[in-house]
Each structure stands twice: as structure tokens, then as C-alpha cells.
Amino acid sequence: MTYKYFDCVVIGGGAAGLMAAIIAARQHKSVAIIEHTSKLGTKLLQTGNGKCNFTNTYMESPCFHENGSRAMQVIHQFNEKQTIQFFESIGIFSKEKNGYIYPHSETSFSLRDALISEVKRLGVHCITSFVIDEIHSSSAGFKINHHFVAENIIFATGLKAAPKTGSDGSILPLIQAMGQPIADILPALVPLQSSPSFKKICDLMAGVRSFGEVSAYCKGKKITSDTGEIQYTDYGISGIPVFQISHPVVKQLHKGNPIYVIIDMIPDFSEKKLMDYIECYYDIYSYKTIEDFFSGLIHTKLMKGVAKKCGYKSLKTLGEYKKNDIKQLIMECKQFKMDIEGYKSFDRAQVCQGGVDMSYIDIHTMQSTLVKGVYFAGELVDVDGICGGYNLQWAWSSGYVAGYNAARKDCCEKSITVKSDCVQGKPHPKRFRKSDKKNIKMQ
């Protein structure tokens with residue numbers, strides 16, 4: 001049987017896989033990308049609501065939930081400045097907004113297309129709609145199905161978030177069969193679901209986007225909080241601040257621990273200021289309904305939900321309630337407690353937590369410490385960051401380090417200092433050199 005030979009095969013054609021393939025190919029290696037969907041880079045098109053926030057000017061370990069210090073050691077080898085430089089070298093200029101870095105075109109298509117164009121320029125073999133059923137190690141390299149042999153393999157398939165884009169976890173059994181430990185895989189950057197007792201209240205507030213602070217509590221202790229535009233839905237809460245707190249919330253729920261959140265719907269108003277407001281205007285506007293009285297302060301639909309939770313009728317007038325009742329109502333807006341029962345599934349998650357255990361990956365090369373010649377990159381590894389371009393920076397950095405070292409024969413003996421020409425994409429004397437081992441006959 002004749003196998004097609006490659007120096008390096010990248011499994012997965014997303015952000016990390018495309019970067020890994022480019023960097024390996026720039027070192028005159030024969031490289032192939034195997035993607036089981038029909039297109040490369042599909043998930044990239046969804047990032048940043050289509051604008052593709054591809055990195056951030058602030059990059060520190062607290063920006064990552066798991067293995068932050070290890071992740072930063074990888075990122076330091078190919079950091080956010082080098083990432084911006086790399087993309088400019090392939091035609092993608094950038095713009096910055098509050099530290100968030102976007103393509104100057106503000107479209108993810110331009111960034112995805114630039115990566116694919118560079119892959120093709122370098123002569124990388126792009127094999128799409130190809131499902132891998134088996135990987136076996138042999139004296140000639142890793143046999144993939146009965147088609148390819150690779151000296152090195154880079155796994156960059158993602159995990160299970162947004163499975164319609166291709167990251168469905170189907171490669172995980174093959175990785176586990178190699179003996180590589182995998183941490184529990186759970187959704188991250190995901191909406192949260194309230195308990196059934198809040199269903200009617202959620203229905204009243206659904207559709208509202210409003211600035212607020214959301215804090216999560218487990219066993220009476222605050223475990224995380226964030227501030228921003230909260231989206232109120234018929235099932236619970238969503239939006240950037242909810243995504244930011246979802247990692248520890250999901251983890252605790254997975255362990256069976258009860259969780260509740262407290263939402264401050266008007267964080268820019270102190271309790272004293274609100275109490276003074278009621279003291280000053282309660283008697284003057286006693287004829288107004290609760291909805292009307294607070295309409296200039298908080299969205300009417302939110303007030304309806306708060307009133308229902310307190311057992312009040314929002315269409316009744318202030319005069320029908322005692323002043324202390326109205327004070328209690330507005331304080332509920334500052335301390336709106338909601339029991340959280342669950343979270344949305346992988347198809348609604350932006351990324352996953354968990355994945356290939358980083359304890360068994362050499363952070364200087366991204367090579368497995370258990371299986372020589374096997375590398376990992378991107379979301380597949382147990383690293384996940386907050387919103388803001390951090391997960392993509394991890395994809396670029398880990399893909400870069402994996403691609404660079406997989407193309408080095410001596411990477412197992414020592415760590416390699418990355419050369420600047422790989423960052424800038426300077427032309428090589430030969431654009432692409434195919435391996436001498438083009439085809440191998442095997443029994």
C-alpha cells in the first residue's frame with residue numbers, strides 16, 4: 001500500500017491549525033492540513049460578531065482561567081505584538097479600540113482569507129471533508145487512515161464549542177488512545193439558565209440589554225463578578241459580563257454545587273442616592289405608577305420583573321404602597337438575586353474549558369511529553385481565556401510554537417529560539433521544497 005508522506009500533518013483547519021501549517025511550511029517542510037469539514041477557518045468567521053477581535057494589547061495570566069502562567073510562557077514566544085506584525089505581513093492591517101485589536105477592515109472574512117491565501121502560497125496541501133478514523137505509529141512515522149504518513153502531527157481541532165463549525169470533539173478518542181490525559185470538557189463563555197421558579201420573571205424581562213454588574217455566589221461566597229451589558233432572556237441571562245463569569249459557574253454547577261447570581265441593575269447609582277430620590281419625590285409623584293416613576297432610571301420591562309419578584313404590581317401607583325415598600329423595590333434592583341440551575345450547551349458556547357492536560361505538554365515546544373512527534377495547539381489544550389481576543393491569541397501563539405518546533409528535527413533535544421523571518425514571512429530562497437520521501441510503500 002502506498003502512503004502520501006508529509007513532514008508535518010496538521011489536523012484541524014481553524015485558527016491554530018492554519019498558523020501552525022504556515023509556520024511549518026515557511027521552514028521548507030512538506031505540510032498538509034486535514035480538515036473534516038468542507039472549508040478551512042469557518043469558526044473564525046464568528047469571532048467578535050464577525051469583526052474578529054484577534055488579540056489584545058493587555059496580555060497577562062489573569063486573562064486566562066486555566067493554566068494562565070503556562071499559557072503566558074507559550075504566548076511570550078509569540079506575543080500579541082508579533083501577532084499584529086505577522087498579520088500585517090500577510091496583508092491584514094489592524095485597528096485598536098480600548099485594547100481590543102481588530103482587522104482594519106473590521107471583517108473576519110479578510111483575516112480568514114489572508115491565512116488561507118498564505119497557506120496556498122506556501123504550497124500546503126489542504127485536504128478537506130476528510131474524516132480521520134485511525135492513527136498508528138510506525139517506523140516511518142504516523143499512519144493516518146490508509147492514506148498518509150507524517151513524521152510529526154499537530155492536533156489543532158478545537159474541542160466541542162460551536163460544533164457546526166467543525167469542532168465537535170470527534171478526534172478526542174484517538175488522542176486518548178495515545179495515552180494523552182484529557183481534563184473534563186465543559187462549555188465556557190456561555191449563557192446561564194435560571195431555575196424554573198424564575199421562568200415568569202424571565203419572560204417579563206426578556207429582550208432587554210442593560211448595563212449592570214453580575215456577581216456569582218457559591219455556598220454563600222462570591223466567586224466571580226463582572227460589569228457590562230447584560231442580556232436578559234426567557235431562560236436566564238447572557239451577554240459579555242455573563243460570559244466572563246461563566247467559567248467558574250459552569251465548573252461549580254458541574255460539581256453539583258448550587259449557584260446564584262446577584263445583579264446590580266443600576267451600579268452607577270449608590271443606595272443613598274436612590275433613597276434620597278424616593279424621599280424627595282414619593283409624595284409629589286404618588287399618583288404615578290411604579291413603572292412610570294422609575295422609567296427614567298431603569299427599563300420598564302426590568303421593573304416589571306423586579307416588581308413581580310417582590311410581589312408588587314407595577315401598574316399600581318406609588319400611593320398604593322408605603323414609602324418603605326418602594327424603597328425595598330428599588331433596593332431589589334440593586335440586589336436582584338437569581339438562582340442559576342444550568343447553562344447552555346456546547347452549540348451556544350464560544351469556547352470550552354478542559355481539554356488535553358497541559359501537564360503532559362512541553363510548553364517550550366507544544367510537543368507531548370508522552371508521545372514524541374505529537375503536538376497540540378489551540379482550544380484543544382486545557383487553556384481558555386476571557387472575552388477580548390485572548391482565546392485567539394492563544395490559538396496564534398500555540399499554533400506558532402507547535403508549527404515551528406514540529407518542523408525542527410532537533411526540537412526534542414532542546415528548546416528553539418524563534419527566528420524573526422518566520423514572524424515576518426520573509427521570502428525563502430526556495431518558496432517550497434517537497435520532501436524527498438514523497439511516497440512510501442508499506443505493508
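Three strands make an open sheet in the order β3-β5-β4, with antiparallel pairing. β3 (55-56) and β4 (94-97) are the edge strands, each pairing on one side only. Strands and helices here are DSSP runs numbered from the N terminus: a strand (E) has at least two residues, a helix (H or I) at least four. Two strands pair if DSSP finds at least two bridges between them.

The model is predicted: local features need pLDDT of at least 70, side-chain atom pairs count only at pLDDT 80 or more, and totals for chains, interfaces and linings use all residues. Residues are numbered from 1 along each chain as its sequence is written, and side-chain values use heavy atoms, with hydrogens and water left out.

β7 and β8 form a hairpin, with 2 residues between them.

Next comes helix α2 (residues 68-75). Its residues Gly68, Ala71, Met72, Val74 and Ile75 are buried. Buried means under 20% relative accessible area, exposed means over 50%, and partly exposed lies in between (1.4 Å probe, protein chains only). Seen down the axis of α2, the buried residues fall within an arc of 155 degrees, so they line one face of the helix. The arc is that of the directions from the helix axis to the C-beta atoms. The cover over these buried residues includes α12 (390-406).

Thr107 sits in the loop between β5 and α4 (108-121). Its relative accessible area is 24%, so Thr107 is partly exposed. Which residues does Thr107 contact, leaving aside its neighbours within four places in sequence? They are Gly50 and Lys51. Contact means heavy atoms within 4.5 Å. Thr107 and Cys280 are 173 residues apart along the chain, and their C-alpha atoms are separated by 50 Å.

Last, the surface. Tyr277, Tyr281 and Ile284 make a nonpolar patch of about 270 Å². Patch residues have over 30% relative accessible area and no salt bridge, and nonpolar side chains (Val, Leu, Ile, Met, Phe, Trp, Tyr) are joined within 5 Å. A salt bridge is a side-chain nitrogen of Lys or Arg within 4 Å of a carboxyl oxygen of Asp or Glu. Areas come from the Shrake-Rupley method with a 1.4 Å probe. Tyr281 belongs to helix α8 (residues 271-281). Tyr281 counts as partly exposed because its relative accessibility is 32%.

Terms used: Patches are made of residues with over 30% relative accessible area and no salt bridge: like charges are joined within 9 Å, nonpolar side chains (Val, Leu, Ile, Met, Phe, Trp, Tyr) within 5 Å.
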